[in-house]
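Look at the sequence and the model side by side, and keep both in view while reading.

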Amino acid sequence: QLQLVESGGGLVQPAGSLRLSCTASGSEDYYAIAWFRQAPGKEREAVSCISMTPISTNYADSVKGRFAISRDNTKNTVNLQMNSLKPEDTGVYYCAAVRVLVGTLRYRLCVLSEEYNHWGQGTQVTVSS
C-alpha cells in the first residue's frame, strides 16, 4: 500500500521560502502527485500537481509564479519549493497521490481535483512575522 510522508514545514517570515518534500513508499505503481493545503476554518485547497512523464505541472492561481513543484522518480520524492511566502499561505500542507496507468492521459497530465485518494499526514506551514 502506498505511503506518503511529508517533511519540511515550519515557521517562516513573510517573503521567505520553504521547501516541502513528499516521499512515497510501498508501491511500484505509477502515481500523479499533488499538494493540498488547509487553513484553519477554510476548505482544503489544491495547490499544485505533477504528472509522471513527460512531466506536466499545474498550479492554483494563488501560488503561480511563487511555488514550483518537481519530482525525482529515482528517489520517489516530490518537492514543493515555496518562495515569496505570504501569511495567507499558512496552513497544513498535504501530499496526495492518485494511481495512473501508462499510456493514459492522466499519466501525462495532472489535474487539480479531488480525485487523489492517497494522503500523507500533513506538515504545518506558518508564515508570520
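A disulfide is counted here when a pair of cysteine sulfur atoms lies within 2.5 Å. The model is a predicted one, in which local features need pLDDT of at least 70 and side-chain atom pairs count only at pLDDT 80 or more, while totals for chains, interfaces and linings use all residues. Residues are numbered from 1 along each chain as its sequence is written, and side-chain values use heavy atoms, with hydrogens and water left out.

How many disulfides does the structure hold? There are two. Counting the bonded cysteines along the chain, the pattern is 1-3, 2-4.

The angle about its S-S bond is -70°, and the link of Cys 22 and Cys 95 is left-handed. Cys 22 belongs to strand 3 (residues 18–25) and Cys 95 to strand 9 (residues 91–100), so this pair ties together parts that are 73 residues apart in sequence. Strands and helices are DSSP runs numbered from the N terminus, with at least two residues (E) for a strand and at least four (H or I) for a helix. Cys 22 and Cys 95 are both buried. Buried means under 20% relative accessible area, exposed means over 50%, and partly exposed is in between, using a 1.4 Å probe and protein chains only.

The other disulfide joins Cys 49 and Cys 110, whose sulfur atoms are 2.1 Å apart. Here the angle about the S-S bond is 75°, and the link of Cys 49 and Cys 110 is right-handed. Cys 49 sits in strand 5 (residues 45–50) and Cys 110 in the loop between helix 1 (105–108) and strand 10 (118–119), so the bond ties together parts that are 61 residues apart in sequence. Cys 49 counts as buried because its relative accessibility is 0%. Cys 110 counts as buried at 7%.

Next comes the core. In soluble globular proteins, nonpolar side chains tend to be buried together. A nonpolar core is a set of buried Ala, Val, Leu, Ile, Met, Phe, Trp, Tyr and Cys residues joined through side-chain atoms within 4.5 Å. The largest such core has 26 residues, and the members that touch the most others are Trp 35, Phe 67, Leu 80, Met 82 and Tyr 93. Among the elements that give two or more residues to this core are strand 4 (30–38), strand 7 (67–72), strand 8 (77–82) and strand 11 (123–127). Strand 3 gives the most, four residues. Leu 80 shows some of the packing: leaving aside neighbours within four places in sequence, its contacts (heavy atoms within 4.5 Å) include Leu 20, Trp 35, Val 47, Phe 67, Ile 69 and Tyr 93. Apart from this core lies another, of 12 residues, among them Met 52, Ala 96, Val 100 and Cys 110.

Arg 37 lies in strand 4. Is Arg 37 buried or exposed? Arg 37 counts as buried, because its relative accessibility is 7%. Its side chain makes a polar contact of 2.8 Å with the side chain of Asp 89, and another of 2.9 Å joins the side chains of Arg 37 and Tyr 93. A polar contact is a pair of N or O atoms within 3.5 Å; within protein, one must be able to donate a hydrogen and the other to accept it, and residues adjacent in sequence count only if both atoms are side-chain atoms.

Thr 77 is in strand 8. With a relative accessible area of 15%, Thr 77 is buried. The side chain of Thr 77 reaches the backbone oxygen of Lys 75 at 2.9 Å. Leaving aside neighbours within four places in sequence, Thr 77 is in contact with residues including Cys 22, Ser 70 and Arg 71.

Gly 91 is in strand 9. At 1% relative accessibility, Gly 91 counts as buried. Not counting residues up to four places away in sequence, Gly 91 touches Gln 38, Ala 39, Thr 123, Gln 124 and Val 125.
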